[in-house]
Amino acid sequence: MTTIAFIGLGNMGNPMAANLVKAGHNVVGFDLMPENLALAKEHGLTIAEDSQSAVKDADVVITMLPAGKHVLSVYNEIAPWAKKGALFIDSSTIDVESARKAHAIAHENGLASIDAPVSGGTGGAAAGTLTFMAGGSKEAFALAEPVLKPMAGRIVHCGEAGAGQAAKICNNMILGISMIGVAEAFVLGEKLGLSHQALFDVASTSSGQCWSLTTYCPVPGPVPTSPANRDYKPGFAAALMLKDLKLAQEAAQGSGAATPLGAEAAQLYSLFNAQGGGGVDFSGIINFLRGDKS
Ligand code: NAD
């Protein structure tokens, strides 16, 4: 049994921590929101009074926080209190630069660390089938792998510090661009008198095939499990897609990569969010492209 501190028990953190409890670990949790702590208690976590007491006896510390500034502030708060040699795993989606700073804070305090953002959403968090993309040394990854297993469907070591975050934002940039492409094709097909099913039947078995079409189809009907069939209830909210596209743009500017379609996707999701689409599933961008109110 490993003692694990889990900080950030929101939509993702709570079900992830619950799977660690189910796997037989002693999980000590901390969050700023009392209702999230109450839910964590129901899941079998021990609740700490503050982040420092959560980590002081932990072999592993997992953070699942909104953004880079939260991760750095929490790391500065807890790293001096952690057991020497403990492993820090940050699973939040944050910018690559903050991820590297978080590794540096851990190392200055004699701790092992990996960045390990996830894909798979709240459904994957509850089912324990998340994909983890990890960045850090081979030694830290070897320590992290068995800890991540109860929460994971797949765990990929992507490279050194920050590589997990780099993989996450590149993947989600593909996703944002491809969803807009698929949605535009359905809108054009509608104007040309093509049924949704006919376009789906052709594109899903032709060169237009992609995850945004065959798993997450943005029109109701062809893929009954996609959010379009439940009035675009997320799923993966457009606000989170915008967050990830902005992180990709920051990284592109910082590294000098040309990502014109990534920039356009960020712009379109930004307009969709500004029109009130932030809480809608990201596939709901099709309604924005048609000119419908979200
Ligand atoms: P959330 O807002 O539901 O949870 C974040 C939690 O962090 C909140 O409960 C908040 O109270 C807590 N928190 C903030 N500052 C804190 C502090 N200083 N100390 C302790 N707790 C603090 O967000 P979420 O949906 O769980 O997402 C968490 C991370 O996972 C984000 O980086 C997000 O981008 C990423 N992510 C989310 C999804 C998804 O589908 N929701 C999918 C993949 C990745």
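Student: Which residues are exposed on the other side of H7?

Tutor: This is a predicted model, and in it Lys138, Glu139, Ala142 and Pro146 are the exposed residues on that other side of H7. The buried residues of helix H7, which spans residues 138-148, are Ala140, Phe141, Leu143, Ala144, Val147 and Leu148.

Student: What makes the buried residues of H7 line one face of the helix?

Tutor: Seen down the axis of H7, the buried residues fall within an arc of 165°, and therefore they line one face. As background, an α-helix has 3.6 residues a turn, so residues three or four places apart point the same way. The cover over the buried residues of H7 includes strands E1, E4, E5, E6 (112-115), E8 (130-135) and E9 (152-159).

Student: How do you know that the buried residues of H4 line one face, and which residues are they?

Tutor: In H4 the buried residues are Gly68, Val71, Val74, Tyr75 and Ile78. Viewed down the axis of H4, they fall within an arc of 135°, so they line one face of the helix. The face turned away from that buried side carries the exposed residues Lys69 and Ser73. As for packing, the buried residues of H4 lie against strand E1 (3-7), helix H3 (51-55), strand E4 (60-63), strand E5 (87-90) and helix H5 (96-108).

Student: Why does Lys168 count as buried?

Tutor: The cut-off for a buried residue is 20 or more other C-beta atoms within 10 Å. Lys168 has 27 C-beta neighbours inside 10 Å, and therefore counts as buried. Lys168 lies in helix H8, residues 163-191, and, setting aside residues up to four places away in sequence, touches Thr93, Pro117, Ser119 and Met133. In the UniProt record, an unreviewed entry, the annotation "active site" covers Lys168.

Student: Which peptide bond is cis, and what is its omega?

Tutor: The bond that joins Pro234 and Gly235 is a cis peptide bond, with omega about 15°. Gly235 lies in the loop between helix H10 (211-214) and H11.

Student: Why is Ser283 called buried, and which residues does Ser283 touch?

Tutor: Ser283 has 24 other C-beta atoms within 10 Å and is therefore buried, the cut-off being 20 or more. Leaving out residues up to four places away in sequence, Ser283 touches Met179, Tyr216, Pro218, Ser226, Pro227, Ala228 and Tyr232. Ser283 lies in the loop between helix H12 (260-277) and helix H13 (285-290).

Student: How do you know that the shell around the ligand lies between domain 1 and domain 2?

Tutor: Domain 1 (3-160) and domain 2 (166-290) both give residues to the shell, so it lies between them. Of the 26 residues around the ligand, Gly8, Gly10, Asn11, Met12 and Thr93 come nearest. Helix H4 (68-78), helix H6 (121-127) and helix H11 (238-255) each supply at least two residues of this shell, and by class the shell divides into 13 nonpolar, 11 polar and 2 charged residues.

Student: How many residues of domain 1 and of domain 2 are in contact?

Tutor: Between the domains, 8 residues of domain 1 are in contact with 10 residues of domain 2. The side of domain 1 that touches domain 2 has 4 nonpolar, 3 polar and 1 charged residues. The centres of domain 1 and domain 2, taken over C-alpha atoms, are separated by 29 Å.

How values were computed. Residues are numbered from 1 along each chain as its sequence is written. This is a predicted model: local features need pLDDT of at least 70, side-chain atom pairs count only at pLDDT 80 or more; totals for chains, interfaces and linings use all residues. Helices (H or I, at least four residues) and strands (E, at least two) are DSSP runs, numbered from the N terminus. A residue is buried if 20 or more other C-beta atoms lie within 10 Å of its own, exposed if 12 or fewer, and partly exposed in between; C-beta atoms are placed from the backbone. Two residues are in contact if their C-beta atoms, placed from the backbone, lie within 7 Å. A residue is near a molecule or strand if its C-beta atom, placed from the backbone, lies within 6 Å of it. Ala, Val, Leu, Ile, Met, Phe, Trp, Tyr, Cys and Pro count as nonpolar, Asp, Glu, Lys and Arg as charged, and the others, Gly among them, as polar. Domain bounds come from an automatic or database domain assignment. UniProt positions are given in the numbering used here, feature names are shortened, and annotations may be inferred rather than shown by experiment. The arc is that of the directions from the helix axis to the C-beta atoms.
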